[in-house]
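Work through the following exercises with the coordinates open, and try each task before reading its solution.

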Amino acid sequence: MTQPDDTTNAASSEPAPTTDSTPTSQPESIATDPVTLAFVCVQNAGRSQMAAAFARRERDRRGLRGRVRICTGGTHPAEDVHEVVVDAMLERGVDISDRTPSEITPGELASVDVVITMGCSASGICPATWNGESRDWDLDDPHGRALEDVVRIRDEIERLVEELFDDIETGTVGEREDSTE
């Protein structure tokens, strides 16, 4: 992850596709330094992929491209993004079928401001000297679940990402130790 700002996963340097939405004006309350977010789970094949996709969409909707960097990875990545996750995201008009799970390392996390885990704590991956914020969203794993269950998980992730971006815009990212919703 050499350039986390528009990456689809920790190993990719491909920029994420833009959306059709019109960006809003940049809020004055956001800090001048870019905020780097990492969405981390074990397989990087479900929850973290959905969260990263929603974060890219939210960043673009709010006109924060260049102000918010996004990366995602797993501690033990799967071969592919779960098909049921791809289907659930397509229902929202977000295509993640071209995403590939990747590994994220402690070295990559060293440059991240906020690590968001999906209910599978990143303890053991985060270096002891890392001073960033961490949030654990305590979400069910979509692996092996029916589409209706994955849709429920997807909707919760979408809500949490919107709240995260509210915090970014108000400058409260980094003020809370943990956010389990």
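**Exercise 1. Find the polar partners of the side chain of threonine 72, and state whether this residue is buried or exposed.**

Begin with the backbone oxygen of phenylalanine 39, which lies 2.7 Å from a polar atom of the side chain of threonine 72. Next, the side chain of threonine 72 makes a polar contact with the side chain of asparagine 44 at 2.8 Å, where a polar contact is a pair of N or O atoms within 3.5 Å, one able to donate a hydrogen and the other to accept it within protein, and residues adjacent in sequence count only if both atoms are side-chain atoms. Then place the residue: threonine 72 lies in strand E2, residues 68-74, helices (H or I, at least four residues) and strands (E, at least two) being DSSP runs numbered from the N terminus. Finally, threonine 72 is buried because its relative accessible area is 0%; buried means under 20%, exposed over 50%, and partly exposed in between, with a 1.4 Å probe and protein chains only.

Two conventions apply throughout. This is a predicted model, in which local features need pLDDT of at least 70 and side-chain atom pairs count only at pLDDT 80 or more, while totals for chains, interfaces and linings use all residues. Residues are numbered from 1 along each chain as its sequence is written, and side-chain values use heavy atoms, with hydrogens and water left out.

**Exercise 2. Determine which strands pair with E1, and how its residues are oriented.**

Strands pair if DSSP finds at least two bridges between them. By that criterion, 7 bridges join E1 to E2, and the two run parallel, with alanine 38 standing opposite cysteine 71. On the pairing with strand E3 (residues 114-117), there are 4 bridges, again parallel, and here leucine 37 stands opposite valine 114. For orientation, Val35, Leu37, Phe39 and Cys41 point one way from E1, whereas Thr36, Ala38 and Val40 point the other way; 7 of the 7 residues of the strand are buried.

**Exercise 3. Search the whole structure for aromatic pairs, and classify what is found.**

Rings of Phe, Tyr and Trp (its six-membered ring) pair if their centres lie within 6.5 Å; planes under 30 degrees apart count as stacked, over 60 as edge-to-face and the rest as tilted. The search finds 1 aromatic pair. The ring centres of phenylalanine 39 and tryptophan 137 are 6.0 Å apart and their planes stand at 55 degrees, so the pair is tilted. The pair links distant parts of the chain, since phenylalanine 39 is in E1 (residues 35-41) and tryptophan 137 is in the loop between strand E4 (133-136) and H4, 98 residues apart. Both phenylalanine 39 and tryptophan 137 are buried.
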